[in-house]
Amino acid sequence: MSAPWPIWVLFGAPVAALLVGYFYCHQRCPERTHWPILASCAATALAALWLAFQVYEGAGWDFIVYRWAAIGGFTVDFGVRLDGLSASVLAMVCVVSGLIHIYAVGYMEGEPGTSRFFLYFHLFFLSMLGLLVSNNYLQTYVFWEGVGLASFLLIGFWYPKESARRASWKAFLTNRVGDIGFILAIFLLLREAGSVRFEEVFARLGNITPGMRMTIGLLLFWGAAAKSAQFPLHVWLPDAMEGPTPVSALMHAATMVTAGVFLMARSMPLLESAPPVLAVITVAGLITAIGAAIVSVSKRDLKRILAYSTVSQLGLMMVAIGTGNLVGAVFHLITHGFFKALLFLCAGSVIHGLHSSLHGAVSAGVDDAGGLGRDLPYTGGAFLVGALALSGVPPLAGFFSKDLILEGALESGHGLAALTFLIALGSSLYIFRMLLLTFFGARAQQRGPKAHAHEPGLLMRVPVLILAVLSASAGVFGGTVARMLGFQPPHFVLGVAVSGTLVAAAGFGVAYFLTMSRPSFDWEWRARFPWLERWLECDFGWQKATDAIAGGGAALAHFVAGAWESRRWDPFTESLATGCVQLGEGLSAVCRGRLNEYVWWMFVGAAALAFTVLLCF
Amino acid sequence: MDSGLLVWGVSGVLFLVGGAFLVLRRQLIAMIIGVELMINAANLALVHAAVRRGDAEGLAAALLIIAAAAAEAVVGLWLVLRRLRDGETAETDSLRELSG
Amino acid sequence: MIAVAIAVCGGFAVLFALLAFFQRTLYGSAFCLLVVLLQVAASFYLMGARLLGCIQALVYAGAIAVLVVMAVMASPPRVKELWSGGIPKWLAWLAILVPALELAGFARFAGSADGAAAALPLLEKQMALLLFGRWALLTEVVGLLILLAALSVVREDAHG
Amino acid sequence: MLLTGLWVAPALAGLLVWGMPSRGSARVLALALSGVILAYAAWLIVPYSAQPGILRLEEIGTAGAFGIRYHLAMDGIALCLCWLTALLIVLSLAASWKGDVPPGYWAAFLFLESALMAVFTFRDLFYFYIFWDLALIPMFFIIGLWGSSGRRKAALKFVLYTFLGSLSLLIGLLALVTLHYRATGMWTWDMAELARTPVAGPAALWIYAALAVGFAVKVPVFPLHNWLPEAHTEAPAAGSVLLAGSMLKMGVFGFLRVLVPVFPELSLAALPVLGGLGVVNVIYGALCAMAQKDFKRLIAFTSVSHLGFCLIGIFSLTAEGIAGGCLQMINHGFSTGGLFLLIGMMYERSHRRGVDDFGGLAATAPVLSVYFGVILLSSIGLPGLNGFVGEVMTLAGMARASMPLAVLGSLGAVLAAAYGLPAFQKVFWGPPGPDSVSQTIGDLDLRERAVLGVLVAGIVVLGVYPQPLLRLLTPAVEALALR
C-alpha cells in the first residue's frame, strides 16, 4: 500500500521549517523564526492525529523510503513503520511538543538568541519524529544520536554559564556511553540476523542462539538506560535541568527520555525471547524508581524534584516492560508525557513569574517559591491537577495507567507488587510535598525572600490549560491504546484500584504532615543528619563515582599524551636520529688530516674490496 | 722458464715499495716518486702479460699509460713546486684542511 | 736464458727501489727512481716489446725521472732534508756499475741461439695499427691530456 | 592516454605555474589549472562506467628490464581517491588565496597532486614506488619553506621518518620480485602477476612484515606515528589539508592494493596484529587528542584515530569492512580537510592556534561556528553526517571478523566525542580568556564560505545518501573481500 501523504508531512514539514527558519528567518528576521516552526508543529500534530486514527482503524505501514547503504553483509534501508506503538506515542509526542512550542514562545520572550533556540528545539522535534517512525534499528540509532545532539545544544543553550556547558557535555557523553551498547547490538544483529529491519529481525529470532539474543537484549537495554536515565546512566538528567524550562519539559520529561522505553517496547519480541533480560530490566527499573523517589523527596530545587520524579516514573515503566506488560508501559508513557509536561510547565510559570527576584538564576528552589498559591492561583490549580494525575488519584489519567502497571506487577509476584506500591507511594509523597511547599506553605515559615510573582501571559496559560485537560481525561484512551497495540482492552481489578488510591491518599497525608503541620521539618533533618543530605545530594555517591570515572579518563588521556607520547616515545624516536649524528661525529674523528693516513685507508679499502670480490666469485 | 712468476714478483715488490713511499715518507715529492714506482710496476706486469699472450692491445695500453703518467707527473710536480714557492714546507702534515 | 736476464733486471729494479726508499735525501731517491725506470725499460726490451722499451727509457726515464730530479733541485734550499749535499758516492758508483754489467752480459749472450729475445715485430706492428686504428680517438685524448698538463703549467707561470 | 593525462597534467601545470613571472598570475593560473584537472578527473567517470570493473587503460610498452612495465589502471577505489585529491587541491589552493607566497608554493601543490594521482593509478610496483617517494618531496618543501616556526625540524623529521618507511618498503618489494623470479623464472613488477603466483614459505612472512612496516609509516599506525603531529602543526593550512586529506591515504591504499591481493592468506592471519593495531590507533589517537592544547595537534591525532578505523575496516577483509575503510578514507578527507582549513582561517586572522587562545566565538563569528560545528560533528562521527557511515561499516565488518576488536573499536566513538566537544565548547561557547583574540576575529568572507560550503555539502550528502559512492566501490571491494 502506497504511503499516505500525511506521512510525508511528518518529515517534510519540520525539515522545511528548519530550512526556512535558518536560511531566511535566522539571517534576516530572527524574532520571527518561530512562525514557520509553529506552522510545522501544527501540521505534524494534525498529520500524527490523523495517522493515529487510521492505525486505530486497523491500518499500518512498513515500507522502505530509500536504500541507505548495501554491500556484503551490510544492507540498511531507511524506511517508515507506523504501527500501534509508534502511532500512539507519535500522537502524544506531537501534541505535547506542539503545546510546549507555544509555551516556549511566551517563556523565551526577551531572551537573547531565541531564534537559535527554536531552531535547536525543532531539530529535536524532527529527530524525535524520525526515531519514532523508523522501521529499523540503524535508522533509530541515527535519530537517537540526533536527539542526543539536540539535547546537548539545548542544555547548553545559555552557554556563557559554566554549569550549563558542563551539564550539556555530561549529558552528551553519558548518552554516547549508552549508544555504544546500542551500536554493538546493531552489529550483532547484522552478524546474526543479516539485517536490522524490525520485521526481518523478529522473523529470524529463531536462528539466533539464546546466549546471543540475551547479549543483544542487554546491549539494547544499556542504550535505552542511557537515554531513559535508568540506574547506571541516569546521572545526566538532574544536571540537564540547566537548560531552559521548555527544554526540560519537552525533552527531559515528556518525549526524549521516553525514547529508551519506546526502544524497549519496540524490541519486545526480542526481549521476550530472552527472559533473563526482562528480569534485569525489572530489577534495574525497581532500583532506579525507588532510589529516584527517595532522592526526589530530599531535593529543594523545583526542577530537580521533577527530574528525579521523571527518573522514578521511567523506572516504573521499565518495571512494566520487565513484567512483559507492554500496554501498561506504553499507556503510562503516554499519560506520563501529559502530566509530567504539565508539571514542568507549571514549574516554568513559577520560575518565569519569580524571574525578577531570582536575579538571573535559571531555576527556583522550593524556599524561594513558598506559598505562591495566592499569587499564582491558575498555575497552582493546574499543578494540583498534574499532581493528582501523577499520584494516581482516580479519575485522572495517572490512576488508569499506574493501575495497569500495578496489576501487571501483581500477576508476576507479590514481592514485586509490594515494591511497585512503594514506588506509587513515593511518587505521591514527593509531588504533594512539592505542591504544598510551593503553593500552600504559609509564607512565614518559608525562609525565602518576599517574592512578588505574577501570572504568566496568555501564550503560556493556554498550553497549560490544554495539558491539564488532557492529564485529567487521558485515562479513557487506555482502551484505544490497548487495541492499537493488538491487546484486549484492560479490565480493572477493583482491589488493585482501591489500594492504589489508598496509597496515593497515604502519600498525601504524609506530605501534608511533613510540610504543613511541622513546616520546619525540611530544615531540621538536614541539620541533624548532614551526612544523609550529602549522601542523597549525590545520588547515593553514584554522581561522584561517574565524575571520578570521567576524571580518570581525562587523566589517562593526559598521561598517554603527556608522559608517554611527548616525553618518552617522541624523544625516543628522535634520539635514534641524534644517535646517528653522534655516530657520524665519532667516525669523522678518524680523518685527522694526515695525507698518508688517507692513502693508507685507501689501500686497506682496496685490499678489502679485492678480497671480498675474490671471495664471492 | 716461467718468467711469469718472477715478473709478477718484481712488479709486486715494486708496487709495495711505491706504496711504502706514499704511506710512510713525509715529503710530497717522495709521494710522487712512489706513484711513479707503482705505475711502473703495473706497467711491467701489463706488458709481460701482453707479450705472453701476444696481445697488441696490452702493449698499446702500456704505451698510453706511460703518456698519461707523464702528464700526471708534470701536474703533480707543478703543484708541489707551487706550494713550495708560496713559502710552505713540503711536509704532508702542513696540509691540514681535510681534517675531520 | 732471457728469463735470467729479465730476472737480473728485475732484481736490480727491486734493489734500487729499496735503496730509493731508504735514502736520507730526496735527491738520492729521485736518482734511484731513474735507475729503476731504466731497469724496467730493459726488461721491456728483453721481453720483446722493443719499441715500448725504448719509449719507456726515453719518455719515462729520460723525461719524468729527470723532471723529478729537476723538481728536487728547484725546491728552495732552506728545506733541509731535500738538499743536504748530493747523493752518496757508493750509490753513484753502483749506478754506473749495474748498467755496465748488464751491457756486458747482454753482449756476451746476445749471440746464443735463444739468446736474442724473439723480437715481436708483428705484435708491435699490430700495436701501432691499433693505436692509430681502432683506438685513434683514445690516443688523441691522451695526447690532448699531455697538452693540457703542459698548458696548465704554462698558464700559471705566464702571469704567476 | 586517459590515465597518463591524469598524472602528467598536474606536473605540467606545476611547471607552468612555477615559471610564471608574478605571484598574482601564478596564483590565478594554479587555481584555474587545478580546476581543470578536477573537471577532468570528474569526467573520468564516463569512460569508467562505460566498462565497469577495473578500467585497464594504460599498458604502454612491453616489459623492460626486470619486467618493469608502464602499467596504469583505475578502479573504483582509485577513482574516488583521485577525486578526493583533486577536490582537496582546488579547495586548499582557494583557501590559501590570501597568502603572499612565491609561485613555487602553488607549483609544489600541483607536483604533489601529480605524484598522488600516479600512486593511486599505477599498477606496476616499480613506478608505484618511485611516485610513492616522489610525493614526499613537494610536501617537504611545503612544510619546510612555508610552514610556521618549527618547520625545518618538522619537515626533516617528516621526510626522514617516511623515507625509512619507504626503505623497508623497497626491501620488501625487491625481495618479493626476486622470490617471484626464482619461483616462476619471470621478472615482473606487476601487482596482478605477483598476486597470481603467491610467494610461500617463511620468506613471505618477512616480506609481508617489511611491506607492512613501509605502509604503516605512511598511515600513521601507532608506534610509527609521531612524525604526523609535528608535520601537521608546522605545515601551512593548505599543506595540512593535503597531508591529512590525501597523503595518509597512500598508506592505506598501499595495504589495500599491494598487501591484501598479493598475500591473501597472510592478511587473513594478520587480523589480530594489524586489526589490533587499527584499534590501538583509534583509542590512542583519541586519547592523545583529548589532551592537546594546540588545535592542529588535536586534529592531527584525530586523523590517527580515523585512519585507525580504515585499518580496522580493511583488515576485517569483509566486503562491508573494506568498503567502510574506503568510505572512511574519503570522509576523513572531507572532515579533517575542513577542520584544517578552518583552523588555517582562524590562524590567518589571529596568528594563534591554541585551544585556550579563543573563547566565545559563537557570538563574534556565528557563521564560522556553524561551519566548525557541522564539520567537527562529522569528524566525531555523528550519525547523519559522513563520518558515521565509515565508522559503522568498518566496525560492522570487523564484527563479522572478530567481535572483541569491534567492541574496542566502538569505544573510539565515545572517545571521539570526548576530544571533539570539549574543544568546541571551549572555543565557541567558553568565556573569552584574558588574552584570547575572539573579539578581533571577523566572520568568514564569501570565498571562505564557498570553500567550506563545498565540504559541508559533501559531508551532508555522503552522510545521508552514501549508496551511489558505494555502488562505485563495490566491484573493486568485492574483488578484495576474503571473508
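Helices (H or I, at least four residues) and strands (E, at least two) are taken here as DSSP runs, numbered from the N terminus. The structure is a predicted model, in which local features need a pLDDT of at least 70 and side-chain atom pairs count only at pLDDT 80 or more, whereas totals for chains, interfaces and linings use all residues. Residues are numbered from 1 along each chain as its sequence is written, and chains are lettered from A and ligands numbered from 1 in the order in which they are written.

The secondary structure of chain A consists of 25 helices and two strands, and its C-alpha atoms fill a box of roughly 115 × 60 × 60 Å along the principal axes. Of the 617 residues of chain A, 55% count as buried, a residue being buried if 20 or more other C-beta atoms lie within 10 Å of its own, exposed if 12 or fewer do, and partly exposed in between, with C-beta atoms placed from the backbone. Contacts are assigned where the C-beta atoms of two residues, placed from the backbone, lie within 7 Å; among those in chain A between residues at least 6 apart in sequence, 80% join residues at least 24 apart.

One helix pair of chain A illustrates its packing. Helix 3 (residues 84–107) of chain A and helix 19 (residues 458–473) of chain A pack at an angle of about 155°, with their axes 7 Å apart, where axes are lines fitted to C-alpha atoms, for helices over the stretch in contact, and angles run from 0 to 180 degrees between N-to-C directions. Helix 3 and helix 19 of chain A are therefore roughly antiparallel to each other, on a scale in which angles under 35 degrees count as roughly parallel, over 145 as roughly antiparallel, 65 to 115 as roughly perpendicular and the rest as oblique. On the side of helix 3 of chain A, the contact residues include Leu99(A), Ile100(A), Tyr103(A) and Tyr107(A), and on the side of helix 19 of chain A they include Leu459(A), Pro463(A), Ile466(A) and Leu467(A). The residues of this contact comprise 12 nonpolar, one polar and no charged, with Ala, Val, Leu, Ile, Met, Phe, Trp, Tyr, Cys and Pro counted as nonpolar, Asp, Glu, Lys and Arg as charged, and the others, Gly among them, as polar.

Chain B contains three helices and zero strands, in the order α-α-α along the sequence. Of its 100 residues, 52% count as buried, and residues 24 or more positions apart account for 47% of the contacts in chain B with a separation of 6 or more. Helix 1 and helix 2 of chain B pack at an angle of about 165°, with their axes 7 Å apart, and are therefore roughly antiparallel to each other. Helix 1 of chain B passes helix 2 of chain B in a left-handed crossing, and the residues of their contact divide into 18 nonpolar, seven polar and one charged.

Of the three pairs of chains in contact, chains B and C share the most contacts, with 47 residues of chain B in contact with 56 residues of chain C. The elements giving two or more residues to the side of chain B that touches chain C are helix 1 (3–24), helix 2 (28–53) and helix 3 (56–85) of chain B, and helix 3 of chain B provides the largest share, 22 residues. By class, this side of chain B has 38 nonpolar, six polar and three charged residues. By contrast, no contact joins chain A and chain C, whose closest C-alpha atoms lie 15 Å apart, and chain C and chain D do not touch, their nearest C-alpha atoms being 31 Å apart.

In chain D, the buried residues of helix 7 (residues 136–146) are Leu136(D), Pro138(D), Met139(D), Ile142(D), Ile143(D) and Trp146(D). The elements covering these residues include helix 5 (103–121), helix 6 (125–134), helix 8 (151–184), helix 11 (227–234) and helix 12 (237–262) of chain D.

Most residues other than glycine have a negative phi. Ala229(A), however, has a positive phi of about 50° although it is not a glycine; Ala229(A) is found in the loop between helix 8 and helix 9 (236–239) of chain A and counts as buried, with 29 C-beta neighbours inside 10 Å. His351(D) likewise has a positive phi of about 50° without being a glycine, and lies in the loop between helix 16 (319–350) and helix 17 (361–364) of chain D. With 10 C-beta neighbours inside 10 Å, His351(D) counts as exposed.

Key. Left-handed = near helix turned anticlockwise from the far one by under 90°.
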